[in-house]
Amino acid sequence: MDTAEIIVTAAGLALATFIVWYFFLAARETAVAVSTSGGVQQVDIHVKGGYSPDVIEVERGRPVQLHFFRDEENSCSEELLMPDFNIRRELPAFQTTLIELLPEQAGRFEFTCGMHMLRGSLVVK
Amino acid sequence: MLSTDKNTETATLDIEGMSCASCASSVEKSLSRAPGVQSAHVNFATEKATVRYAAGQASPATLKAAVIEAGYGVTEQAPDTSAVERQAEIDQQKAAAYAQLRRRFGVAVGLAVVIMPLSMLMMWEPFARVVPMTTLNYLLLALTVPVLLYSGREFYTSAWNGFTHRAANMDTLIAVGTGAAFLYSVAATVVPGFFVRHGVMPEVYYDTTATIIALILLGKVLELRAKTQTSAAIRTLIGLQAKTARVVRPDGQEVDVPIEQVQLGDVVVVRPGEKVATDGVLTEGQSAVDEAMLTGESLPVEKKAGDAVFGATLNKTGSFRFRVTKVGADTMLAQIVKLVEDAQGSRAPIQRLADKVSAIFVPTVVVIAILTFVLWFDLAPVQSRVPLALVNFVAVLIIACPCALGLATPTAIMVSTGKGAEHGVLIRNAEALEKAYQVNTVLLDKTGTITRGEPAVTDFVATAGQDAARLLPLVAAVERLSEHPLAAAVVRYADAQKSATGTATPLTGPLAATGFRAVEGKGAAAVVAGQPVLVGNRRLLADENVPLPPDLTTQAEQLLSQAKTVLYVAVAGQAVALLGVADTVRDTSKAAIERLQRLGIEVVMMTGDNPQTAAQVAAQVGITRYFAEVLPSGKAGKVKELQAEGRIVAMVGDGINDAPALAQADIGLAMGGGTDVAMEAAGITLMRSDLQGVVTAIDLSRQTIRTIKQNLFFAFIYNVLGIPVAAGLLYPVFGWLLSPMLAAGAMALSSVSVLTNSLRLRGFQPVKS
């Protein structure tokens with residue numbers, strides 16, 4: 001093994017490790033829903049190459065309003081799927097789309113883009 | 001929101017900006033002080049103010065001013081943007097995005113067809129002698145930059161945006177792949193000396209970069225076109241809605257108003273050839289209405305006063321008026337749209353594995369690509385290790401296609417739920433579709449599914465010497481005054497006979513009956529055309545001391561043996577005729593059941609009737625297994641019984657007492673005209689009242705799941721084979737390497753193939769028996 005091979009191997013393995021850690025293991029940005037005076041739990045979600053925040057905590061049994069603002073034209077994020085709530089919605093670009101739901105069971109419910117590439121989850125407590 | 005009570009009006013306002021209970025009281029105070037206001041109540045929790053005020057002295061506008069004066073705002077109750085408008089806006093955005101995508105694709109192709117031959121010229125010696133390689137490389141660089149920055153920019157921004165969210169998508173793969181090839185080429189162009197010093201040929205990959213981008217964009221163009229078609233059904237459904245309605249004003253004037261302004265209770269006029277504007281009850285006139293768009297029933301349905309009419313259906317022959325009972329989101333059409341939309345957003349259990357795979361797909365592929373690079377770099381001969389490592393690294397990234405996996409199930413579900421709606425089969429969710437696919441036993445609740453669920457006269461027999469055609473109007477005259485369901489069946493029969501034979505009666509209009517008297521549990525009596533007429537069961541005749549001639553007794557026994565109810569007719573103290581009444585089998589039942597059996601499904605019937613009747617109906621429609629004398633409460637138990645035999649049971653029913661059985665079954669199918677409760681409990685709702693819908697639902701589910709399986713198989717196998725080949729796994733054995741450009745072509749076609757396969761479901765035709 002020459003020097004170049006050692007460098008390439010070491011760098012490659014380091015990069016692979018970083019990718020695994022960065023995409024799978026690192027902690028995610030979590031947001032807790034804000035309750036309005038009417039008892040509705042509201043969260044603003046920014047959609048641009050992903051969802052931020054991408055982990056949303058809400059309470060069980062109270063209505064939830066998710067305001068998705070799609071800040072891009074990229075077609076990846078044009079659809080929003082929340083299969084546990086039977087929701088498939090198109091998010092128009094540069095607009096806020098309101099998604100209303102009532103979480104009745106505790107658990108972790110995933111939401112994704114139309115092709116399951118962008119992901120977030122709704123954690124119901 | 002306004003409601004009027006003589007001179008006092010009440011308005012509800014949505015108040016905004018209240019942060020505490022004291023805000024509410026100051027809004028309340030300000031409203032109470034406003035001129036004309038009699039009372040004002042502000043609810044802090046609901047953020048609403050309810051104000052009663054004298055009409056004329058105050059108005060919603062003055063109330064709003066009072067709220068603003070107190071330092072708060074009033075949210076205008078903007079009319080909900082209709083589904084049509086929302087869809088129109090999304091369509092417009094999509095059309096713009098498509099046009100832009102095509103432009104970007106055009107530029108990429110235009111430049112790629114120049115870059116490709118130029119790159120090849122490099123290998124042609126006479127040309128290489130005339131034009132120095134460095135010059136050519138700079139020229140190629142100049143041509144490639146617009147491909148990257150204009151055509152491919154979205155890939156890089158999307159990959160970056162995703163990266164900052166710890167998300168990786170298909171664009172990440174393309175961006176990293178083309179980015180690596182491009183940056184390497186730029187380095188080889190700018191500092192070729194560095195490469196030469198290290199014993200590496202300064203090769204450039206501009207053609208690879210440009211071609212990949214052009215091909216991926218081609219894939220995207222095709223994909224977008226196909227995707228628009230997957231949701232075509234919803235668009236068609238929404239498009240069915242009428243835009244205007246011809247409303248009759250209190251002064252009798254007819255005015256065309258936009259559909260959004262139609263109110264409950266309005267009377268709407270529909271002329272021949274027009275669309276019914278919204279749901280309502282027909283009040284005046286009669287017509288035949290084509291309801292195919294909602295129910296899939298191809299024959300027009302006769303409508304008369306009192307019948308329900310539905311928005312978006314097409315009036316054929318007559319003109320009529322109806323009173324509006326439902327508007328907006330409550331209409332049948334809106335509910336169908338909602339149900340289909342919900343179904344399209346649901347997840348099929350079959351998709352679970354694909355979902356799990358796509359969640360980790362992209363980062364995993366990037367790791368595989370890095371390892372490919374490292375292995376090629378370490379194992380290939382020194383002089384060719386860099387290009388080999390790079391080419392294979394790029395090929396792995398480009399060939400991997402998470403899209404095909406992501407599209408495999410949802411696109412098929414979208415096409416098929418839409419197709420179902422078109423044929424009057426409403427599928428609640430993807431799981432229902434999957435369950436329907438597994439069904440091997442269909443349990444039918446006899447009444448209302450196999451049969452019409454309402455009694456009808458099947459036999460009318462007059463005793464010797466009597467003219468049946470002359471007797472019928474007499475019977476009908478008595479029964480017209482009765483409220484008994486059997487009487488209604490007799491009247492229907494008489495009317496049908498009359499219209500079938502023209503004027504069979506000597507008199508033109510129906511005869512009038514006088515002195516009508518209903519005999520509880522036995523029948524009815526009246527005087528018609530001067531003769532006393534009795535219509536009822538045997539006990540009625542016995543009570544009235546009317547003897548039964550032997551020929552009628554024989555006939556009656558025969559009818560009873562066929563499990564029919566027998567009505568006896570006596571005129572002037574003499575028994576003269578018999579009516580056989582039974583719940584009749586729908587014309588389509590036998591054929592539909594046969595079709596189900598041919599699909600390999602066992603059809604079982606269940607009924608509350610006695611075994612005799614049950615056996616009779618079962619034989620008539622070709623069913624061999626049935627449960628008789630099942631109490632309503634025992635229906636769910638029968639479903640369990642079948643399930644205990646290891647069967648996957650579909651239950652078909654229509655009534656409230658079917659709901660537990662529908663819920664217990666692996667899949668419940670509620671029949672049209674069924675109750676809301678039944679529909680709630682059912683996975684599939686059949687808009688049309690006949691069993692053909694069951695065949696359609698099962699057939700559609702089978703074709704859909706088959707399509708999904710093909711898609712998933714293709715998507716998995718494509719990636720499972722494609723990635724190792726691109727990594728160069730076959731090189732040691734066959735010396736095969738995959739060019740990144742070929743990889744791009746394969747990738748572009750893979751998701752389009754999946755989509756195209758799903759779109760084949762659009763050609764679904766329910767099998768007619």
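1. A term to begin with: a residue is called buried when its relative accessible area is under 20%, exposed when that value is over 50%, and partly exposed in between. On that scale B:Glu641, at 36% relative accessibility, counts as partly exposed. Please keep in mind throughout that this is a predicted model.

2. B:Glu641 has a charged partner. It forms a salt bridge with B:Lys638, and the closest N and O atoms are 3.3 Å apart. Both residues sit in helix α24 of chain B; they are three residues apart, so about one helical turn separates them. B:Lys638 is partly exposed too, because its relative accessible area is 21%.

3. Now compare a pair that reaches further along the chain. B:Arg625 and B:Glu645 form a salt bridge with their closest N and O atoms 2.7 Å apart. This one links distant parts of the chain, 20 residues apart: B:Arg625 belongs to strand β24 (residues 625-627) of chain B, while B:Glu645 is in the loop between α24 (635-644) and β25 (649-653) of chain B. B:Arg625 has 21% relative accessibility and so counts as partly exposed. B:Glu645 is also partly exposed, with a relative accessible area of 41%.

4. Are the partners in the next pair buried or exposed? The side chains of B:Asp690 and B:Arg688 meet in a salt bridge at 3.5 Å, N to O. B:Asp690 is buried because its relative accessible area is 7%, and B:Arg688, at 15% relative accessibility, counts as buried as well.

5. Some charged side chains go beyond pairs. B:Arg246, B:Glu254, B:Asp256 and B:Arg321 are linked in a network of salt bridges. For the overall tally, the count comes to 29 salt bridges over all chains. As background, side chains of opposite charge can pair when their charged atoms come close.

6. On to the interface. The contact takes 51 residues from chain A and 54 residues from chain B. The area buried between chain A and chain B is about 4400 Å², and carbon and sulfur atoms give 56% of it. In chain A, the residues that lose the most area to chain B are A:Arg88, A:Met115 and A:Met117, together 16% of what that side buries.

7. How many salt bridges are there across the interface of chain A and chain B? The rule finds three. A:Asp2 forms a salt bridge with B:Arg385, where the closest N and O atoms are 3.0 Å apart. Counting polar contacts between chain A and chain B gives 10 residue pairs, both residues being at pLDDT 80 or more.

8. Which parts of chain A supply the side that touches chain B? α1 (3-25), β4 (51-52), β7 (79-82) and β8 (87-90) of chain A each supply at least two residues. The largest share, 15 residues, comes from α1(A). By type, the residues on this side of chain A divide into 25 nonpolar, 13 polar and 13 charged.

9. Chain B has an open sheet of six strands, with antiparallel pairing and the order β7-β6-β8-β14-β9-β12. Its edge strands, β7 (254-258) and β12 (308-309) of chain B, each pair on one side only. Strand β9 (residues 279-285) of chain B runs antiparallel to β12(B), and two bridges join them. B:Val281 stands opposite B:Ala308 in β12(B).

10. There is also an open sheet of three strands in chain B, in the order β11-β10-β13, again with antiparallel pairing. β11 (301-303) and β13 (314-315) of chain B stand at the edges; each has a single partner strand, so one side of each is left without a neighbour in the sheet. Strand β10 (residues 287-290) of chain B pairs with β13(B) in the antiparallel sense over two bridges. The bridge partner of B:Val289 in β13(B) is B:Asn315.

11. B:Thr449 is buried, because its relative accessible area is 0%. Its side chain reaches the backbone oxygen of B:Asp445 at 2.2 Å. Leaving aside neighbours within four places in sequence, B:Thr449 is in contact with several residues, including B:Arg586, B:Ser589, B:Val652 and B:Met671.

Note on methods. Residues are numbered from 1 along each chain as its sequence is written. Chains are lettered from A and ligands numbered from 1 in the order in which they are written. This is a predicted model: local features need pLDDT of at least 70, side-chain atom pairs count only at pLDDT 80 or more; totals for chains, interfaces and linings use all residues. Side-chain values use heavy atoms; hydrogens and water are left out. Buried means under 20% relative accessible area, exposed over 50%, partly exposed in between (1.4 Å probe, protein chains only). A polar contact is a pair of N or O atoms within 3.5 Å; within protein, one must be able to donate a hydrogen and the other to accept it, and residues adjacent in sequence count only if both atoms are side-chain atoms. Contact means heavy atoms within 4.5 Å. Buried area is the accessible area (1.4 Å probe) that two parts lose on being put together, summed over both. A salt bridge is a side-chain nitrogen of Lys or Arg within 4 Å of a carboxyl oxygen of Asp or Glu. Helices (H or I, at least four residues) and strands (E, at least two) are DSSP runs, numbered from the N terminus. Ala, Val, Leu, Ile, Met, Phe, Trp, Tyr, Cys and Pro count as nonpolar, Asp, Glu, Lys and Arg as charged, and the others, Gly among them, as polar. Two strands pair if DSSP finds at least two bridges between them.
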